[in-house]
Structure formats: structure tokens, C-alpha cells
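Welcome! Let us walk through this structure together, one part at a time.

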Amino acid sequence: GGDLDAPGSFAEGIEGADAVVHSAASVVIGRDPKIAAAAIGGVENVLSSLTPSVKAFVLTSSIAAVIDLAKRPRSYDETDWNESSSLENGDAYGFGKTRAERFAKGRCAELGLPFVALHPGIVIGPVMAKPHTKASPVFCRNLIFHKPTMNPDSAHFVDVRDVAAAHATAVERAADLDAKRFVLVNDETARCVNPTSLGPIASSAFPEWDLRAKPLLPAWKYAVAKALSYVPVVGQNVMTPYEREAFAAKTALSNASAKRVLGLEFRPHADSVADCVRSIVDHGFATPKRKEAS
């Protein structure tokens, strides 16, 4: 198997492939340089493994490489790049994703290799492996366990099946889509939502289950953390400048290009939430409590 930290280590696995889809990433918020290095170094090392058989390269980027919180108004599409995130302001993930995409685009241009970048929001929908319930679907998993969940106002969601369809189309039409970028978010959350809004949606789908959305940072905690974050030296350990800004940011994304060019019809947000919760339960990854009869 390949190692994202080892240049050329994927060559044997890639040999004979017509296309490469690079979708591996570590999604962690913070200023640790290792977060950015994983995104940038991973792309560099996969590209160093390409063999002559490869005729297309598709990169799973992120809306984090599109959303620039320094921009006003905070409305974005595939023409936008995240120019403001940095290690210093605490968004190593957004910084790394942006740098990785630019590197991949440039390297593929040098190689004459068609390149397509896809930018999904928070990916939910059916879950097939227990470890994955602690990745993006954790927003639905926490409803079952009544665990507090990160609750910024700037969340955007998309169904994993729509993300998969976008990747398949990108591979099939890579030559025609060369150097293009596509934002993948569903219609209902193209204008940002708070993840706690998944609670009422899930409860409506499964009225017999006790599903609860608990905010990790209620308004009063956010206010206290924000105030403390301005304290010299120690403040950055409470909340980074990026976290302070992103938590309350009101962002909007356009998925028009993905619909028009890729032919995507995004699944309803409520279906994605319900299917995510249902799959977690059906696979035995979590058991919801039933509501007590009133």
C-alpha cells in the first residue's frame, strides 16, 4: 500500500490506471503545521507516483479552499480562492487545502494532464464503516448519543452519493473539464446553517427515537471564549482568530456550476440527514433511545 508521507509510494498501485482520484485528507481545525503538511505533502507524493497510463487527475478539495472569510460579501463560487487562511490565524486545514490544490493544478498543467477539483461541504448520507461515523457523519452520530457537537453558523452539507457522482463524472469527462473547479453543497444549505439544525430534521424523520442536538459552544460559552481569545499570549489557546471569525460567519455558496456542467441534482438535505442516521443504526454502529410514552 501507499504512504501519503512517502514520495512515489503509490506507483505500484497506480500502474495501469487510467485516472487517479486523490480524496485522502485529515480534517482537523487548528494551527498545527502538520495539518497543512498532510494536505500539501500528500498531493505532492501522490503526483510523484503517477505512471504513464494515467490520463486524468481528480482532486477532492474542500469548500475550505473556496471560502475566504476576508471577502465581503461572503458569497462564493468556484472562482473564489481562500487567500486569507494561514498557520498564524489558526486555519491550517484551509491553508493546506488551498496550497495543495494550487500545487496539483500547476503540476498537472506541466504534465499536460487533465485536472479537476471538487469542493464538497460537510459530507453526510449513508455510512458503511464504523470508524467513518467519527468523521463528517459525526454530526448525525452525536444526535443519537446526545453528545455536544461543534456548532458554527457557517456549515454547508452535501450527500456522499452526490459527491461520488461528481467524482465519476469528473473522471469520465476530465479532458473537457480540465482546470475546472466545482462547489458541491446541497440546495438547502448553500446558504449556511448551524449543525444543530440537524436535530429537528432527524427527529421529524424518526419521531420514535430520542435524538438531540447539543451545541458544543452555546451562545454564552462562545461569548466568553471569544473575549478570552483576545488576551495576549494565552488567548490563542482558547480560540484562534480563524475560529473566532468562522464560528459566527454567515456564508453562502453557489452550486450552480455543478448542476449546469456536471448535471448534478443534489439530494434533499432532509433525506441525507435521515439516511445518515438510519445507516448508523441499521449497521449497529449506534442504538438510539426510544422516547418514553407520554
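Predicted model: local features only at pLDDT ≥ 70, side-chain atom pairs only at ≥ 80, totals over all residues.

## A sheet, its helices and a surface patch

Strand S4, which covers residues 115–120, runs parallel to S8 and is joined to S8 by 5 bridges.

Now step back to see the whole sheet. It is an open sheet of 4 strands, with parallel pairing, in the order S1-S2-S4-S8. At its edges you will find strand S1 (20–22) and strand S8 (180–184), each of which pairs on one side only. On average, neighbouring strands of this sheet are turned by 15° against each other, direction ignored. In general, strands of a sheet pair through backbone hydrogen bonds, either parallel or antiparallel.

Next, look for the helices that lie across these strands. Helix H2, residues 33–47, lies across S1 and strand S2 (57–60), and runs at about 170° to S1. Helix H5, residues 160–172, lies across S1, S2, S4 and S8, and its angle to S4 is about 170°.

Trp-220, Val-224, Leu-228, Val-231, Val-233, Val-234 and Val-238 make a nonpolar surface patch of about 660 Å². Which helix gives the most to the nonpolar patch? That is helix H7 (residues 219–228), with 3 residues. Val-238, another member of the patch, has its place in helix H8, residues 235–238. Val-238 counts as partly exposed because its relative accessibility is 40%, and partly exposed means between the cut-offs of 20% for buried and 50% for exposed.

Definitions and conventions: Residues numbered from 1 in each chain as written. Heavy atoms only, no water. Pairing = 2+ DSSP bridges. Helix = DSSP H or I, 4+ residues; strand = E, 2+ residues; numbered from the N terminus. Axes fitted to C-alpha atoms, helices over the stretch in contact; angles between N-to-C directions. Contact = heavy atoms within 4.5 Å. Patch = residues over 30% accessible without salt bridge, like charges linked within 9 Å, V, L, I, M, F, W, Y side chains within 5 Å. Areas by Shrake-Rupley, 256 points an atom, 1.4 Å probe, with all protein chains shown as cover. Salt bridge = Lys/Arg side-chain N within 4 Å of Asp/Glu carboxyl O. Buried < 20%, exposed > 50% of the residue type's maximum accessible area, 1.4 Å probe, protein only.
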